[in-house]
Amino acid sequence: MAAFLLRGRFFKPRTDIKRAMTAVQSYCSSMALGRQRVNGVDLFYEQTGSGKHPLLLLPGALGCTRTDFGPQLKSLNKERFTVVGWDPRGYGKSRPPDRDFPPDFFERDAQDAVDLMKALGFDKFSLLGWSDGGITAMMAAAKNPDLISRMVVWGSNAFVSQQDLELYEAVRDVSRWSARMRQPMEEVYGAEVFAKTWKAWVDGIAQYAKRPEGSICMELLPLISCPTLIIHGEKDPMVPNFHPQYLLKHIKGSQLHLMPEGKHNLHLRYADEFNKLVEDFLED
């Protein structure tokens, strides 16, 4: 079961990570890399394009620009968009500090994301959030309606159900993963740090189940006022269909696009289709 789950929310298949990293390497000469001091932490970011519409890419659990968004940084239209990828605090190249998961870690990431974009000189921008990054994006949009133009989220949830908890627990112990599955994240973090941080993430996300209705950000969804596109892969093994349906019902005016063959990593596996869908929505 764990091997099956690793191909979902919690881990990207090696071929897809290689695809993302190859895309990053192929455009590296045309992007700006840097670190920006934000809320006491040096946050790593990558920026490409010169368009009038700024976009921020928000990665998933333990994810970073290197592993999560190569095809988007490479191929989203650079004349129409200025695309920024970042590594949240404690992830990827935004270390130190070591990553921790206090009760407000999503809220902290949301504040960091908004403050990073402000520090880079963007006073209004759109958000593209995958998995945990989608949760972060929804919080940022709810709390900063004047700053967020549009939002795209996929593989995300507003609450933790009992079914979700069981999935998290099934992948807690990375020593039970195959070496092939562990390798990409171990290349980023090292084996010891990866294992430690992953267990901490499982505990961090599980703590939301103790809240009323398992809420992560349920109460914030009605506050989101920007046009929102929810994308869901119908073969996503880690995000049951009730999660995107809940978002659709509670984010006013939102749209849901289903990808029949999509799994959790649909933006990597079907990058061309995903990028066109996103560009069309952002320019609508």
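This is a predicted model: local features need pLDDT of at least 70, side-chain atom pairs count only at pLDDT 80 or more; totals for chains, interfaces and linings use all residues.
Local features require pLDDT of at least 70 and side-chain atom pairs count only at pLDDT 80 or more, while totals for chains, interfaces and linings use all residues. Residues are numbered from 1 along each chain as its sequence is written, and side-chain values use heavy atoms, with hydrogens and water left out.

The whole structure contains 13 aromatic pairs. Rings of Phe, Tyr and Trp (its six-membered ring) pair if their centres lie within 6.5 Å; planes under 30 degrees apart are stacked, over 60 edge-to-face, and the rest tilted. F159 and F242 are stacked, because their ring centres lie 6.1 Å apart with planes at 15°. The two residues are 83 apart in the chain. F159 lies in the loop between β6 (148-154) and α7 (162-170), and F242 in helix α10 (residues 242-250). Helices (H or I, at least four residues) and strands (E, at least two) are DSSP runs, numbered from the N terminus. F159 is buried at 13% relative accessibility, whereas F242 is partly exposed at 34%. Buried means under 20% relative accessible area, exposed over 50%, and partly exposed in between (1.4 Å probe, protein chains only).

Y168 and W201 form an edge-to-face pair, with centres 5.6 Å apart and planes at 75°. Y168 belongs to helix α7 and W201 to helix α9 (residues 191-206), 33 residues apart. Both are buried. One aromatic cluster comprises Y168, W177, F194, W198 and W201.

Charges also sit over rings (NZ of Lys or CZ of Arg within 6 Å of the ring centre and within 35 degrees of the ring normal). R99 lies over the face of Y91, 4.3 Å from the ring centre. The charged end of R150 sits over F281, at 5.0 Å from the centre of its ring.
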